[in-house]
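Here is a friendly briefing to read with the sequence and the 3D view open side by side.

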Amino acid sequence: MNQVKPVIEVTGVDRSFGNKRVLKNITLQVDEAETFGILGPSGSGKTTLIKLLTGIDEATSGEVQLLGVRMPKLKMLQQIGYMAQADALYTELSAKENLEFFASLYGLKGGNRTRRIRDVMELVNLQEHLRKRVDQYSGGMKRRLSLAIALLHEPPLLLLDEPTVGIDPVLRRSIWQELKALNRKGTTIVLTTHVMDEAEKCDRLAMIRDGVLLAVDTPAGLLQATGSATIEEAFLYYGGVRQ
């Protein structure tokens with residue numbers, strides 16, 4: 001039997017900003033080719049944790065390892081597809097120019113670059129808006145373009161911070177189908193969400209509130225452990241709210 005390979009290992013991580021302790025002794029592991037959800041309300045520390053995983057931010061104490069490499073480490077950016085909560089786009093450029101810029105950062109060239117730009121824009125249903133300036137995009141279109149950029153270089157690890165906020169339900173479903181297809185090909189996906197039906201689609205969930213990791217398990221395991229009928233009930237249970 002093949003041993004499951006950890007892609008992410010977080011050990012005893014704290015993150016403080018001045019006197020405010022945003023993450024408190026977080027320890028977790030994410031395995032290869034799983035969809036791992038980080039579920040929590042606004043201000044719970046989800047985005048801070050994602051930034052530590054990408055290497056954009058550094059832990060005050062503890063250790064983050066990605067694919068066996070201690071973070072932060074600049075060379076690991078090639079291994080990560082990152083979608084931030086705030087869209088990091090050049091709005092005075094067209095979508096095509098944005099994609100070409102990021103493709104060059106990732107070393108994509110020639111026919112492969114052209115193919116990947118076409119494929120990701122089809123996935124997020126923006127192919128007809130490829131040459132439109134990004135400042136003419138709606139908020140939902142910008143989210144979709146950000147996701148396309150994260151997928152562009154086919155990284156082994158996707159870190160997605162609230163990836164489907166502002167995206168219509170039909171497209172959201174097709175994006176989830178693609179994420180699951182990437183899982184089957186071996187891509188590891190970590191995403192933050194506060195949407196309960198998305199949480200149920202994850203292989204495992206970490207519940208976080210006020211910077212504290214409350215529980216990590218499969219959705220079914222969390223329901224069973226709390227005697228809950230829904231993920232929302234389980235989350236309320238771990239947050240100290242009894243039904």
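In what sense do strand 1 (residues 6–17) and strand 2 (residues 20–31) pair, and over how many bridges? They pair in the antiparallel sense, over eight bridges. Helices (H or I, at least four residues) and strands (E, at least two) are DSSP runs, numbered from the N terminus, and two strands pair if DSSP finds at least two bridges between them.

This is a predicted model, in which local features need pLDDT of at least 70 and side-chain atom pairs count only at pLDDT 80 or more, while totals for chains, interfaces and linings use all residues. Residues are numbered from 1 along each chain as its sequence is written, and side-chain values use heavy atoms, with hydrogens and water left out.

**The UniProt record**

- UniProt lists residues 8–235 as "domain: ABC transporter", in an unreviewed entry; its positions are given in the numbering used here, feature names are shortened, and annotations may be inferred rather than shown by experiment.
- In the model, that span is 35% helix and 27% strand, and its end C-alpha atoms lie 23 Å apart.

- Four strands make up an open antiparallel sheet, in the order 2-1-4-5.
- Strand 2 and strand 5 (69–70) are at the edges with a single partner strand each, so one side of each has no neighbour in the sheet.
- Two residues separate strand 1 from strand 2 in a hairpin, and Gly 18 in the turn has a positive phi of about 65 degrees.
- Val 13 has Ile 26 as its bridge partner in strand 2, and the partner of Val 10 in strand 2 is Leu 28.
- Strand 1 is also joined to strand 4 (residues 61–66), by five bridges in an antiparallel run; here Val 10 stands opposite Val 64.
- Strand 4 continues to strand 5 through two antiparallel bridges, with Leu 66 opposite Val 69.
- In a regular strand the side chains alternate between the two faces of the sheet.

- An open sheet of six strands has the order 6-7-8-3-9-10 and mixed pairing.
- On average, neighbouring strands here are turned by 15 degrees against each other, direction ignored; axes are lines fitted to C-alpha atoms, for helices over the stretch in contact, and angles run from 0 to 180 degrees between N-to-C directions.
- Strand 3 (residues 35–39) and strand 8 (residues 188–193) run parallel and are joined by five bridges, with Ile 189 in strand 8 as the bridge partner of Thr 35.
- Helix 8 (residues 231–238) packs on this sheet and touches strand 3, strand 9 (204–209) and strand 10; contact means heavy atoms within 4.5 Å.
- The direction of helix 8 makes about 40 degrees with that of strand 9.

**Helix 2 and its partners**

- Helix 2 (residues 95–105) packs against helix 4 (residues 139–151) at an angle of about 25 degrees, with axes 10 Å apart.
- The two helices, helix 2 and helix 4, are therefore roughly parallel to each other (angles under 35 degrees count as roughly parallel, over 145 as roughly antiparallel, 65 to 115 as roughly perpendicular and the rest as oblique).
- Ala 95, Asn 98, Leu 99 and Phe 102 of helix 2 make this contact with Leu 145, Ala 148 and Ile 149 of helix 4.
- By class, the contact of helix 2 with helix 4 has six nonpolar, one polar and no charged residues (Ala, Val, Leu, Ile, Met, Phe, Trp, Tyr, Cys and Pro count as nonpolar, Asp, Glu, Lys and Arg as charged, and the others, Gly among them, as polar).
- The axes of helix 2 and helix 3 (residues 110–123) come within 11 Å and cross at roughly 125 degrees, and these helices are therefore oblique to each other.
- Ala 95, Leu 99, Glu 100, Ala 103 and Ser 104 of helix 2 meet Arg 113, Ile 117, Val 120 and Met 121 of helix 3.
- The contact of helix 2 with helix 3 divides into six nonpolar, one polar and two charged residues.

**Backbone details to check**

- Most residues other than glycine have a negative phi, and most peptide bonds are trans.
- The bond from Met 71 to Pro 72 is cis, with omega near 5 degrees, and Pro 72 sits in the loop between strand 5 and strand 6.
- Glu 154 has a positive phi near 50 degrees and lies in the loop between helix 4 and strand 7 (157–161).
- Glu 162 has a positive phi near 50 degrees, in the loop between strand 7 and helix 5 (169–184).
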